[in-house]
Amino acid sequence: MNPDILGVFHDGVIEQIVGSVPGAVAIHINIQYLRKMFAGEGQGFVLNLLGCTKIEYTEYGEEPTSDIPTIAAKQPEILYVTSTEPLVLDCV
C-alpha cells in the first residue's frame, strides 16, 4: 500500500487503538462521510500498522505520550498526513 493514501482519513477521529508497540497496532478511525461512499454498514475504517516501532501523541503545550489507552481516550481528529516515512498524522 502507498502510505500517501492515508491522507483520505483527514477529518476522521481516532476512536480506538488496539495492539502494542513494537508490533501490530490497529487504529479505528470514525469518518462517516467517507464510509458512506462504500457499500454496507459501518462508520469508519481500521488502519492496521504492522511492524509499528513507535506511537506518540503530543497536544500543544503538553508532554508527548506513548500510552495507547491515553491517546485513544483523547480521540484526536486527523487533520492531514505530515510525513509517510515515518508515518506522521497531524491531529487536533
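These legends accompany close-up views of a predicted model. Residues are numbered from 1 along each chain as its sequence is written, and side-chain values use heavy atoms, with hydrogens and water left out. Because this is a predicted model, local features need pLDDT of at least 70 and side-chain atom pairs count only at pLDDT 80 or more, while totals for chains, interfaces and linings use all residues.

**View 1. Leu6 in the segment before β1 (13-19).** Strands here are DSSP runs of E with at least two residues, numbered from the N terminus. Leu6 has a relative accessible area of 4% and is therefore buried (under 20%, with a 1.4 Å probe and protein chains only). Look also for Leu87: its C-alpha atom is 9.2 Å from that of Leu6, although 81 residues separate the two along the chain.

**View 2. The tilted pair of Phe9 and Phe45.** The structure holds two aromatic pairs, meaning rings of Phe, Tyr or Trp (its six-membered ring) with centres within 6.5 Å. Phe9 belongs to the segment before β1 and Phe45 to strand β3 (residues 44-52), so the pair links parts of the chain 36 residues apart. Phe9 is buried, at 11% relative accessible area.

**View 3. The edge-to-face pair of Phe38 and Phe45.** Here the ring centres are 5.5 Å apart and the planes lie at 80°, so the pair is edge-to-face. Phe38 is partly exposed at 46% relative accessible area (between the buried limit and the exposed one, over 50%).

**View 4. The cluster of Phe9, Phe38 and Phe45.** Ring pairs join these three residues.

Methods:
Helix = DSSP H or I, 4+ residues; strand = E, 2+ residues; numbered from the N terminus. Phe/Tyr/Trp six-rings, centres within 6.5 Å; stacked < 30°, edge-to-face > 60°.
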